[in-house]
Amino acid sequence: VSEQTADPRSSSHTFVMALSFSWLALFCVLCSASIGGIAGGVSDSAASTTGTTKGTGGDWKVALDEAARLDAAAEQAMIRGDLPSAATKFFEACKIKRALSLDADTPQDHPLIAGGGDQSFRRAGRLKLRHDTEQLEHLVAGSKLPAVPHLQIAQVYRKVLPHLPQKHAAVDVQPGVHRLFDRAYNRALHLPQPGRLTEGVLSRNFDSAAVQRRFRETELEAEEEGCEAQNGITIADGILSDTALDLLRDWCLESTMWFATRAGYLAAFMQDAFNAPLVVQLTEELRKALPSILGDHQLMNMWAFKYSNNESDWPLAGTAIHADIAAVNVNMWITDDEANEDPEGGGLIVYKKHAPRDWGFMDYNSLDQVPRLRTYLNDSERVVVPHRRNRMVVFNSNLFHETQTPRFRPGYANRRINLTFLFGRRCGGTANEAQHSSRAASPSKPPPQTSPPRQPKRRQRRRTGQDGEL
């Protein structure tokens with residue numbers, strides 16, 4: 001492994017994995033029994049969920065142009081507040097960009113190879129490969145995917161995994177390790193989309209009035225006068241109906257939408273495939289049920305995180321301290337309580353201290369700033385919320401928060417899964433949404449970033465959770 005200078009906590013840097021000729025030859029011999037006849041062997045059931053590229057000629061560029069058009073249309077739909085339309089367009093674009101073809105190599109100038117990044121066709125880590133291996137085996141065992149070629153793909157992942165370094169969350173794997181890895185990794189292998197429920201997704205026992213009352217009664221100092229409405233913290237259990245909860249859980253176990261690798265967890269974003277009609281319906285019903293908290297706020301972004309439960313891949317750790325660009329944050333947990341080995345942990349810590357208005361985004365949402373953020377929060381009160389299945393935490397997104405250490409039992413279905421929904425803009429408009437702030441450094445605040453320079457504010461929404469962000 002050839003390493004470039006990087007922070008080992010982060011997956012946002014580029015590394016190169018080069019296998020020696022002798023090891024590669026051995027690797028191919030070990031896999032030879034399962035390679036033959038696979039290249040064109042995707043069954044109809046697999047192709048129906050993935051789509052297929054048209055080869056290595058100009059057709060793939062035409063397809064990617066269409067994906068870019070769909071992404072742009074989806075962003076415009078988000079600005080208009082048309083979430084169902086945006087979700088459909090994001091999903092269609094994702095299927096095009098990540099279309100599977102075992103008949104030909106992906107062109108080297110494909111953006112998801114050439115561009116790198118934590119969602120690319122090259123970025124892999126031990127946590128990600130173990131997850132993807134176990135997921136493929138889970139899907140085959142449940143008759144969701146055919147054994148050929150998916151068990152062969154899983155076998156390749158298992159053989160590559162021990163050769164990835166433990167001290168980095170992910171590295172860039174150069175093409176040539178194995179043709180199944182080159183052609184199948186981080187592709188749209190299986191992307192089911194659970195539909196809307198006619199009976200609704202929220203539980204009939206959900207007491208929305210009590211949730212709104214507790215949110216208003218939270219004793220927090222408002223960020224500034226006029227911002228009291230979004231300045232609260234509340235917790236509620238039994239949010240989803242049993243049917244909706246099971247469908248969301250199965251979707252997160254079965255969909256191969258976990259394209260992004262982070263330090264300790266994987267991520268699925270709205271702009272890829274975390275956008276099924278069922279989850280869109282959930283956001284709509286939350287806004288209707290909680291009008292005094294969410295009613296005036298459009299959905300800005302949503303994602304799901306799935307955490308490591310194997311310390312040999314990466315130290316068990318939650319999402320680090322940060323704040324988000326939004327008015328209100330809704331977190332929801334869907335993993336069975338029996339999987340949690342620490343009943344008083346595995347949840348969330350919310351600090352009663354805001355990200356200052358003159359801080360830029362990377363000042364309060366970056367792994368590099370975590371040590372300074374801990375110093376800044378030394379005098380802050382905090383609310384500790386242990387993990388419970390079907391529990392929801394609602395709070396001002398500008399409050400600092402972090403995940404408790406997730407200690408969940410081994411096994412594919414036991415991983416901690418967190419759903420996050422960001423609603424509205426921070427009170428006061430675009431304060432602290434710039435990439436970097438222009439303020440001077442002080443002992444109590446993180447220093448401003450020096451490169452790149454501060455970017456001008458733009459109307460288009462930020463896709464939260466990119467390289468270097470939490």
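At what angle do helix H3 (residues 59-80) and helix H4 (residues 83-97) pack, and how far apart are their axes?

1. The model is predicted. In it, H3 and H4 pack at an angle of about 160°, and their axes lie 8 Å apart. Angles over 145 degrees count as roughly antiparallel, and H3 and H4 are therefore roughly antiparallel to each other. Their crossing is left-handed.

2. On the H3 side, the contact is made by Ala63, Leu64, Glu66, Ala67, Leu70, Asp71, Ala73, Ala74, Glu75, Ala77, Met78 and Arg80. H4 contributes Leu83, Ser85, Ala86, Lys89, Phe90, Glu92, Ala93, Ile96 and Lys97. By class, the residues of this contact comprise 13 nonpolar, one polar and seven charged.

3. The model also holds an open sheet of seven strands, with antiparallel pairing, in the order S4-S11-S8-S13-S7-S6-S5. Strand S4 (233-237) and strand S5 (260-261) are the edge strands, each pairing on one side only. Strands of a sheet pair through backbone hydrogen bonds, in either a parallel or an antiparallel sense.

4. Within the sheet, six bridges join strand S8 (residues 328-333) to strand S11 (residues 391-396) in the antiparallel sense.

Notes
Residues numbered from 1 in each chain as written. Predicted model: local features only at pLDDT ≥ 70, side-chain atom pairs only at ≥ 80, totals over all residues. Heavy atoms only, no water. Pairing = 2+ DSSP bridges. Helix = DSSP H or I, 4+ residues; strand = E, 2+ residues; numbered from the N terminus. Axes fitted to C-alpha atoms, helices over the stretch in contact; angles between N-to-C directions. Parallel < 35°, antiparallel > 145°, perpendicular 65-115°, else oblique. Left-handed = near helix turned anticlockwise from the far one by under 90°. Contact = heavy atoms within 4.5 Å. Nonpolar A, V, L, I, M, F, W, Y, C, P; charged D, E, K, R; others polar.
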